[in-house]
Amino acid sequence: MLLDDLKKIFEVIKGMVDAGIIGDFALGGATAANIYVEPFNTKDLDFFIHIVGGAPFLDPLRPIIDYLKPLGYEPDGVEFKIEGQMVQFIPFPDELTEEATRNADLVDLGGFRIPVVSAEYLVAIMLKIHRSKDLVRAKMFWDQKAVDTDSLMVLISRYGLEEQWQRVMHL
């Protein structure tokens, strides 16, 4: 993916903020992880978002769909193809993700700044999701010294992720 594509995607997201569709947002998932550790393949960009004013329970992306469709961005399952890239918008599933987004790092990517979930929060989210690939990626962060140990341990304790962390340490 080119930085120009990411910049255009960011501009589309900023348009949703300006239109009052979403509030806080941050790049998360594997693309965010690739900023902090040795890159690995990923198929999409994941953005954690706060939908302003809420959304229908059974159709949580409705405000985003209604905003993006007139711009020519149709949903494809739970993702949208924006500027040639698959983008997934993830309404805050829990307090951890909401906190991670509120405390996102502003990262300069080729002349524009974008909120990115910090390494410590990414690892905590991986531990909470607890898929095998997430535990392996969490171990990558540790092995590559990409996290602040004290900050990570605070999150692990606050969100009761000690058991998952022990699994990572035994990989």
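Biologist: Let me start with Trp-165: what makes it buried rather than exposed?
Modeller: This is a predicted model, so every value here is computed from it. Trp-165 has a relative accessible area of 5%. Buried means under 20%, so Trp-165 is buried.

Biologist: And how is Phe-112 classed, buried or exposed?
Modeller: Phe-112 has a relative accessible area of 7%, so against the cut-off of under 20% Phe-112 is buried. Phe-10 comes out at 12%, and therefore Phe-10 is buried by that cut-off too.

Biologist: How many aromatic pairs does the structure hold?
Modeller: There are seven aromatic pairs. One of them joins Phe-10 and Phe-112.

Biologist: Why is the pair of Phe-10 and Phe-112 called tilted?
Modeller: The ring centres of Phe-10 and Phe-112 are 5.8 Å apart, with 35° between the planes. Phe-10 belongs to helix 1, while Phe-112 sits in the loop between strand 6 (105–108) and strand 7, so the pair ties together parts that are 102 residues apart in sequence.

Biologist: What makes the pair of Trp-142 and Trp-165 edge-to-face?
Modeller: Their planes stand at 80° and the ring centres are 5.3 Å apart. Because planes over 60 degrees apart count as edge-to-face, that is the label for Trp-142 and Trp-165. Trp-142 is part of helix 6 and Trp-165 of helix 8 (residues 162–169), so this pair links parts 23 residues apart in sequence.

Biologist: How do you know that Trp-142 is partly exposed?
Modeller: Its relative accessibility is 27%.

Biologist: Which residues form the aromatic cluster?
Modeller: The cluster consists of Phe-10, Phe-25, Phe-47, Phe-80, Phe-89 and Phe-112. Phe-47 and Phe-89 are also among the residues with the most contacts inside the largest nonpolar core, which has 59 residues. Helix 5 (residues 119–129) gives the most to this core, with eight residues.

Biologist: Which residues of helix 2 are buried?
Modeller: In helix 2 (residues 29–36), they are Ala-30, Thr-31, Ala-32 and Ala-33. Their cover includes strand 1 (22–28), strand 2, strand 7 (113–116), helix 5 and helix 6.

Biologist: What makes Lys-145 exposed?
Modeller: Lys-145 has 71% relative accessibility. The cut-off for exposed is over 50%, so Lys-145 counts as exposed. Lys-145 lies in the loop between helix 6 (132–143) and helix 7 (149–158), and has a positive phi of about 50° although it is not a glycine.

Biologist: How is Glu-83 classed?
Modeller: With a relative accessible area of 31%, Glu-83 falls between 20% and 50%, so Glu-83 is partly exposed. Its phi is near 55°, again a positive value in a residue other than glycine.

Terms used:
Residues numbered from 1 in each chain as written. Predicted model: local features only at pLDDT ≥ 70, side-chain atom pairs only at ≥ 80, totals over all residues. Heavy atoms only, no water. Buried < 20%, exposed > 50% of the residue type's maximum accessible area, 1.4 Å probe, protein only. Helix = DSSP H or I, 4+ residues; strand = E, 2+ residues; numbered from the N terminus. Core = buried A, V, L, I, M, F, W, Y, C linked by side-chain atoms within 4.5 Å. Contact = heavy atoms within 4.5 Å. Phe/Tyr/Trp six-rings, centres within 6.5 Å; stacked < 30°, edge-to-face > 60°.
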